[in-house]
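Please look over the sequence and the structure before reading on.

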Amino acid sequence: MANYTSIGSYDATAMYPQFRGLLQYGDGINYDPRYATDACNVETPGGVLQPCAECQLLAPELPHPIETLALLHRRHQEADRDLLVAASGNRLYAMVAGGTEWTLLGMPEGLAEFQSSVWSWVSYEINPEGSKAPVDVLLLSNALDGMFMVRGDDLTVSSVPSPKKFGVIARYAERIWGGAIDGDPDMLVYSAPYDPTNWEADVEHPEDGAGDILQPSWDGDSFTALSAFGSQLIAFKRTRVWRILGTDPGEYAFKEQYGGGAPYAQTIAVDAERIFMLTAQGVALYDGLSVNPFQQEYAQEVFRRMNKAALHQATACLWDKSYYCALPLDGSTVNNAVLIFNTEDGTWLLRDDVSVESFLPTENELYFTSTHTPGRVWLWHKDSWETGEPTPNATRWVSPWNDLGHKKLIKGGFEVYFLAEVKDQPANLTFSIQTEKKTKTKHYTVTPVADAAKSAKQKRLHFGRRFRLIIESAAGVPVWRLIGGVMVVAEIDSD
């Protein structure tokens, strides 16, 4: 709850000690003042309010849209270990992370192009005959083309003769697993251990060979995603989830979980002992036993704005201790916003200045593609104060309604105290006090550190029994931040 302090016979103080993310459930009155009932294009590291950082559009461009972006980390190479692989125009391209040019990869013998550019992929390794060291490889599969392999040493592409054409693949217990098979929606197939090219059963020693498992649900549903989850493999359908235990065929045990499935497979992201995913109602969480709604009340107004007819476009990932979920909002048919949950401080924030088609998280960077820039790759940036490059879009942070603990008293003569900082350029901020009757706005220019005496200035706004604070900046404003929270002092008179 808010911290109310009497500072005189007719004065009351509302303290906003720091800034956090969204909190949108209920009537929005007298909630914890650190949270926002509405916020967009801001970030709150350590309780500081500042614009989110502008993302970077990388230079290399492909002639067709990038429909899959994958990473091959080449552990056995001394330099240029991270290789980006893009599927575009039914061909494959590669570029060293941070490079300036894409290289078109050759096609397997007998193929002119693939039938699809949408792939499920897994990084693994092979031990070629006669080789002294393993070779890192990227395995790609889809339900039209089947499975293929990109070698990390010479970048050759070859076909992998799997028994089925898998729509999704995953690595678990040193085997490659495949599912989402056209014509066999209830089947999962696994390779021999340590060899993604061996899909032959071993009758005498089943633990050394490949095989398959059927798990029918008799409702037309199909496996849509596979995720390694500690010592388990989690197999998702749109309406169900199964947990697979065991490391050898003789030990495999299927157990159906509770709470429903994952209707939007591209939004699944594993975070240690839990798995995030999106449903039509909001973000859900699988905790190893069941699927349940996860803190949906914090961003419930965002979830209400989702275009459910286009949610199949939604995509998500986990990177740098945050869950990033790209969504189509307000009738959009493509993802036009990103909802971010910070797993470290528990805050939810929204950005509508980026349009994400797919994410690619790496150890140090987060790459993404966008329908607005087909054939290009973006680099995600955080902490605009550090980068010095804030979003060019407008920002907004709106506090809960606040009656200062005195519902029967008329409030007026508001004074807003704050401390703002800029780096090299002045920034214009807008502070508004909104009451039931009207909104009164003051504009304030934050000057560089050299003029520190002007960095804080008293404001005085009038009217209303209850109020809320709105802080905004227009599009194109240089980087700024508010530190130490905000204090609002109101004169009060009884009716």
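In which sense do strands S15 and S16 pair, and over how many bridges? Strand S15 (residues 168-172) and S16 pair in the antiparallel sense, over five bridges.

## Basis of the report

This is a predicted model, in which local features need pLDDT of at least 70 and side-chain atom pairs count only at pLDDT 80 or more, while totals for chains, interfaces and linings use all residues. Residues are numbered from 1 along each chain as its sequence is written, and side-chain values use heavy atoms, with hydrogens and water left out.

Helices (H or I, at least four residues) and strands (E, at least two) are DSSP runs, numbered from the N terminus. Two strands pair if DSSP finds at least two bridges between them. On to the next strand, S16 is joined by two bridges to strand S17 (residues 187-190), and the two run antiparallel. Here Trp 177 stands opposite Tyr 190 of S17.

Strand S16 (residues 175-179) is mostly covered, with five of its five residues buried. Buried means under 20% relative accessible area, exposed means over 50%, and partly exposed lies in between (1.4 Å probe, protein chains only). In a regular strand the side chains alternate between the two faces of the sheet. In S16, Arg 175, Trp 177 and Gly 179 point one way, Ile 176 and Gly 178 point the other way, and all are buried.

Ser 231 lies in the loop between strand S19 (223-229) and strand S20 (232-237). With a relative accessible area of 57%, Ser 231 is exposed.

Strand S13 (residues 146-151) is mostly covered, as five of its six residues are buried. Strand S12 (residues 135-142) runs antiparallel to S13 and is joined to S13 by six bridges. Val 137 has Arg 151 in S13 as its bridge partner, and a hairpin joins S12 to S13 through three residues.

Four bridges join S13 to strand S14 (residues 157-160), again with an antiparallel run. Phe 148 has Ser 159 in S14 as its bridge partner. The hairpin of S13 and S14 has five residues between the strands, and Leu 155 takes a positive phi near 60° there.

## Aromatic rings

Rings of Phe, Tyr and Trp (its six-membered ring) pair if their centres lie within 6.5 Å; planes under 30 degrees apart count as stacked, over 60 as edge-to-face and the rest as tilted. By this rule the count is 29 aromatic pairs. The rings of Tyr 35 and Tyr 298 have centres 6.3 Å apart and planes at 65°, so this pair is edge-to-face. The pair links distant parts of the chain, 263 residues apart: Tyr 35 is in the loop between strand S2 (11-16) and strand S3 (38-40), and Tyr 298 is in the loop between strand S26 (291-293) and helix H1 (300-304). Tyr 35 is buried, with a relative accessible area of 10%.

Phe 418 and Tyr 444 form another edge-to-face pair, 5.2 Å centre to centre with 80° between the planes. Phe 418 is in strand S35 (residues 409-422) and Tyr 444 in strand S37 (residues 439-446), 26 residues apart. Both Phe 418 and Tyr 444 are buried. One aromatic cluster is formed by Phe 276, Phe 294, Phe 303, Tyr 323, Phe 341 and Trp 348.

## The largest cavity

On a 1 Å grid over the protein atoms alone, a cavity is a set of points where a 1.4 Å probe fits but cannot get out, and lining residues have an atom within 4 Å of a point. Grid points are joined across faces, edges and corners, and a volume is the space filled by probe spheres set on the points. The count comes to one cavity of 30 Å³ or more. The largest cavity holds about 30 Å³ of space and is lined by Gln 313, Val 334, Asn 335, Val 356, Glu 357 and Thr 371.

Methods. On a 1 Å grid over the protein atoms alone, a cavity is a set of points where a 1.4 Å probe fits but cannot get out, and a pocket is an open set with protein on both sides within 12 Å along at least five of seven lines; lining residues have an atom within 4 Å of a point.
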